[in-house]
Structure formats: structure tokens, C-alpha cells
Amino acid sequence: MTPHRNGSTGVSDFLLNCFVRSPRWQLWLSLPLSLLFLLAMGANTILLITIWLEDSLHQPMYYLLSLLSLLDMVLCLTVIPKVLAIFWFDFMSISFYACFLQMYIMNCFFAMESCTYVVMAYDHYVAICHPLRYPCIITDQFIAKAVIFISARNFLFTVPIPILLAQLHYCGRTVIENCICSNMSVSRLSCDDVTINHLYQFAGGWTLLGSHLIIIFLFYTFILRAVLRLKAVGAVAKALKTCGSHFILMFFFSTILLVFVLTHVAKKKISPDVQVLLNVLHHIIPAALNPIVYGVRTQEIKQGIQKLLKKGLK
């Protein structure tokens with residue numbers, strides 16, 4: 001399909017060329033990626049239904065977990081179906097506006113997910129360091145305000161990214177060497193000066209995600225200090241179990257992000273196809289792991305799922 005030009009930007013369609021140097025990767029990646037997508041969508045749907053139907057799970061912590069599942073599902077649906085369409089049917093074309101819409105959703109919802117981890121870390125901090133005050137601090141109203149703040153903050157911070165890029169001239173360059181419309185991949189096509197765009201992306205990224213990681217680290221430092229002071233039998237194990245699931249997922253989330261950033265920094269030494277692969281996996285693996293880790297490690301969720309299964313079998 002040949003993209004056609006339109007408007008001052010120079011193009012109205014882009015072509016997503018996933019693995020330029022390793023085209024065979026598409027064949028063997030399509031099956032595991034499909035399975036991961038089904039797992040992510042199925043597991044998150046089960047988790048959401050369980051929390052919705054089980055009255056005992058109508059608590060602030062599980063509302064945050066529901067928000068995390070919703071964000072994961074939106075990110076998966078924004079990225080993976082298009083990637084699979086490229087792998088299976090060679091549907092490489094994506095419209096100009098669809099490309100920047102995908103870019104916005106990825107940036108906004110990824111930042112919202114990171115912000116949700118911060119609120120979950122604060123929830124654990126209050127639960128362990130100030131247990132008597134927990135019911136007064138972590139209320140339904142607090143969660144509602146947190147969700148509104150997360151949505152508004154990340155909408156305002158991330159909306160300039162696609163708007164700035166959409167204003168650039170692309171001089172007929174239409175082939176994006178990526179499976180998705182990532183910021184850097186699209187900006188490389190522009191024949192304008194993209195310094196302002198890169199500076200905003202860098203500053204915004206480190207302001208949002210960098211500050212989140214620092215705050216989460218501080219919360220867990222306070223939690224660890226409080227846990228080490230506990231003298232009651234089994235109190236340490238119980239406290240660590242409370243934070244275990246969140247810490248595992250946050251560590252994995254941060255590790256993938258760090259690896260992705262490092263591959264971009266050392267792009268001359270690492271194949272661009274590896275960067276593309278990490279970009280895709282970053283949108284599917286956390287989404288598949290989140291409900292499984294919480295489902296396995298959280299007794300209340302396990303019991304809720306078992307109740308639903310028993311009701312379904314009757």
C-alpha cells in the first residue's frame with residue numbers, strides 16, 4: 001500500500017515496518033505474542049469481574065488494582081492487535097491521526113500506570129507504618145480523588161507530545177521502523193528541527209517516571225525500616241507479604257523500562273530490532289503478569305475467584 005500525501009505535514013498515512021533487519025522474527029513471535037495477549041485480556045477480565053462481584057473486595061486497595069487492570073487492558077488493545085495484524089496480514093499502514101492517537105494513549109496510560117504504582121505504594125506505607133490511621137486516610141473518597149488527579153495530571157503532561165509531533169513536516173517520509181508509533185521512531189522521520197520535541201519528551205519522561213520511582217523507593221525505605229522494628233511473632237512476614245506482590249511488579253515494571261532506556265542510549269551497539277522487540281514486550285508482559293501475581297499471592301482474590309467458579313459450575 002502506498003501512503004498518500006495530504007496537508008502541511010506531508011503525509012496522511014504511515015507504514016509500520018517492524019523488524020527491518022530480522023523479518024523472520026515476525027513469524028515466531030506471532031504465536032507467543034497472541035498467547036500473551038489472550039492471557040492478559042482474560043486474566044485482567046477475570047480479576048475485574050471478581051472485584052466487581054465480590055463484596056469483600058470492595059476496598060480501596062482493590063479499586064487501585066482494578067484501575068491497574070483497566071490501564072493494562074487499554075494499553076494492550078491499543079498496541080497488540082495492530083502488531084498482530086502486521087505479523088499475520090501485513091497490514092502495515094496506519095493513518096496519520098490514528099498513529100498520533102496511539103502515541104498519545106501509550107504515553108498517557110503508561111504514565112497513569114506508573115502513577116498508580118505510587119498510590120499503591122502509599123497505600124502499603126500507611127497500612128504498615130500507620131495501621132490505626134489507615135481506615136481514616138485510605139478511604140473511597142481518597143481513591144476517587146487519586147484517580148481524578150492521575151487522569152488530569154497525565155492528560156495535561158502527555159497531550160503536548162503528539163500535538164508537537166503532528167505539527168512537524170515529514171517531507172514524504174512514511175516508513176516507521178517500529179511496530180508502534182513511538183515518539184522517537186516517528187520524530188526520526190521529520191525533516192524539521194525536533195530539538196524542542198526531544199527536550200519536552202526527555203524532561204516530561206524523567207519528571208513523571210523518574211519522580212515516581214524516587215517516591216516509591218522512599219515509601220519502601222520507610223516500610224522496610226518500620227518492618228525491621230516489628231517484634232511480634234510473624235509480623236515481619238505478614239508485612240512483607242502485604243507488599244510482596246506490588247514490589248515484584250514494580251521491580252519488573254522498572255527493570256523493563258530501564259532496559260528499554262539503556263538500549264536507546266546504546267543504540268549503536270544494540271540492534272534496532274531488539275529495541276522494537278522490547279518496545280512491544282513492554283506493553284504486554286506487565287499486563288499479563290499483574291493479575292497473575294496478585295491472583296496467586298492475594299488470598300482474598302483467590303477466594304473470590306474460587307467463589308465465582310463454584311457459582312458458575314452450579
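The chain averages a pLDDT of 83, and 83% of the residues score at least 70; pLDDT is the predictor's confidence in each residue, from 0 to 100. Over residues 1-8 the pLDDT is below 50. Beyond near neighbours in sequence, that stretch has 16 contacts in the model, a contact being heavy atoms within 4.5 Å. Where pLDDT is low, the predicted coordinates should not be read in detail.

This is a predicted model, where local features need pLDDT of at least 70 and side-chain atom pairs count only at pLDDT 80 or more, while totals for chains, interfaces and linings use all residues. Residues are numbered from 1 along each chain as its sequence is written, and side-chain values use heavy atoms, with hydrogens and water left out.

Start with the overall layout. The chain has 12 helices and three strands. These are DSSP runs numbered from the N terminus: helices are H or I with at least four residues, strands E with at least two. Of the 314 residues, 49% are buried. Buried means under 20% relative accessible area, exposed over 50%, and partly exposed in between (1.4 Å probe, protein chains only).

Now look inside. The largest nonpolar core has 43 residues. Such a core is a set of buried Ala, Val, Leu, Ile, Met, Phe, Trp, Tyr and Cys residues joined through side-chain atoms within 4.5 Å. Phe14, Phe87, Phe100 and Tyr170 have the most contacts inside this core. Helix α2 gives the largest share, eight residues. A second, separate core has 37 residues, including Leu47 and Ile137.

Helix α2 (residues 60-89) also holds Asp72. Asp72 counts as buried because its relative accessibility is 2%. Leaving aside residues up to four places away in sequence, Asp72 touches Asn44, Glu113, Pro286, Ala287 and Asn290.

Three disulfides complete the tour. A disulfide is a pair of cysteine sulfur atoms within 2.5 Å. One joins Cys18 to Cys179, S to S 2.3 Å. These two cysteines are 161 residues apart and link distant parts of the chain. Another joins Cys99 and Cys181, with sulfur atoms 2.1 Å apart. Here Cys99 sits in helix α3, and Cys181 in the loop between β3 and α7. Both Cys99 and Cys181 are buried. The link of Cys171 and Cys191 is right-handed, with 75° about the S-S bond. Cys171 counts as partly exposed because its relative accessibility is 47%. Cys191 is partly exposed too, at 33%. In sequence order, the bonded cysteines pair 1-4, 2-5, 3-6.
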